[in-house]
Amino acid sequence: MKPETFERISTLVKSCSGIVLTKEKEYLLESRLEPVARRHGMNNIDDIAAALSRSAIGRLADDVVEAMTTNETFFFRDRTPFTHFSEVMLPYIKQARSNERKLRIWCAAASMGQEPYSLAMLLQEDASMRGWRREILGTDISVEALEKAKSGMYSQFEVQRGLPVNLLVKYFKQHGDVWQISPEIRSAVQYRQYNLLKPFTGFGKFDVVFCRNVLIYFDQQTKKDILERIAKQMNADSYLVLGAAETVIGLTDTFSPVPGKRGLFAVNAQASGQEPQRRAMTGTDGLQPRAPLAAGGSSRPAAPAATRAALSPAGARPGLNARPGGLRPKL
Ligand SMILES: C[S@@+](CC[C@H](N)C(=O)[O-])C[C@H]1O[C@@H](n2cnc3c(N)ncnc32)[C@H](O)[C@@H]1O
């Protein structure tokens, strides 16, 4: 690869998606862009760079950015965020929104759908959420990942990664090598292609935002900008969930870490320029204080039995053999 090739492609990828490609990622560029070059009738990546220097927009540029996204995900990834969802966020929301009975969740890097579907299954398992209006929006820059998410079809390998066996049996149907998620769970999630670098218009406000394992690809300024714009899309007493290697600390004061709950952050209503919802924040009228305000977490409501059961360890699953497939191979 010519030196200017790396320069041109990494500049394009950063300006279109925010993804920073450092020099040690050169191998990734080679392995992911060779197939793109072939698809476009080109000999190699240098040809791609030359074509992009003539025009940095269009199908080729889109395909390059698409190829450089990393869509790694799996059901109930890291488990803890989903335990926080059941044990911290949901009990609070059930009380705070008991009148309107409405919950809006945004998975801001939904990838192939495992994360929003995991949340949809938890909500479905929770009998006390019946009668609530629940909206889950999954967005991602990757068209291919979203196509798969919308299909709700997963390989045996994919359903073996993180999905408890009771939920697999209950919410999936096997068609040959493929497992398809049930219509009730599939229809609980709406997908939309969206680039986190773009202004968030027409999103409305959310109670919970999962933005996991995507900020790691961006530089500090981009992370800060995205976090601060996300805060504006959140209700004043809502929660943000980041990936295990991600934080707001040192980036922005629009969120505060929830003590003792790794990866969980509360919107700082004032810092994000929102009107604080005092009733919810102070715990008056018999309302539980939101977790960050609770001393030592002692007022944390207990997890509903249904969600505890849903996340109980699956143990061995006889008859399921690991076999990769269905996942776009990106090495
Ligand atoms: C590693 S996956 C994380 C998926 C899921 N949140 C999880 O933690 O399992 C990162 C996702 O971020 C998406 N992504 C990268 N840059 C993006 C951008 N600028 N806007 C929206 N999504 C982006 C990628 O397409 C990819 O699907």
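In this predicted model, seven strands form an open sheet in the order β6-β2-β1-β7-β8-β10-β9, with mixed pairing; strands pair if DSSP finds at least two bridges between them. Helices (H or I, at least four residues) and strands (E, at least two) are DSSP runs, numbered from the N terminus. The edges are taken by β6 (189-193) and β9 (255-257), each with a single partner strand, so one side of each has no neighbour in the sheet. From one strand to the next, the twist averages 25°.

Residues are numbered from 1 along each chain as its sequence is written. As the model is predicted, local features need pLDDT of at least 70 and side-chain atom pairs count only at pLDDT 80 or more, while totals for chains, interfaces and linings use all residues.

Now to the helices. Helix α5 (residues 80-96) lies across β1 (102-107), β7 (206-211), β8 (234-242) and β10, and runs at about 170° to β8. Angles run from 0 to 180 degrees between N-to-C directions, with axes fitted to C-alpha atoms, for helices over the stretch in contact. Contact means C-beta atoms, placed from the backbone, within 7 Å. Helix α6 (residues 114-125) lies across β1, β2 (133-140), β6 and β7, at about 170° to β2.

Helices α1 (residues 3-17) and α4 (residues 59-67) pack at about 85°, with their axes 10 Å apart. The contact involves I9, L12, V13, C16 and S17 of α1 and A61, V64 and V65 of α4.

Definitions and conventions
Two residues are in contact if their C-beta atoms, placed from the backbone, lie within 7 Å.
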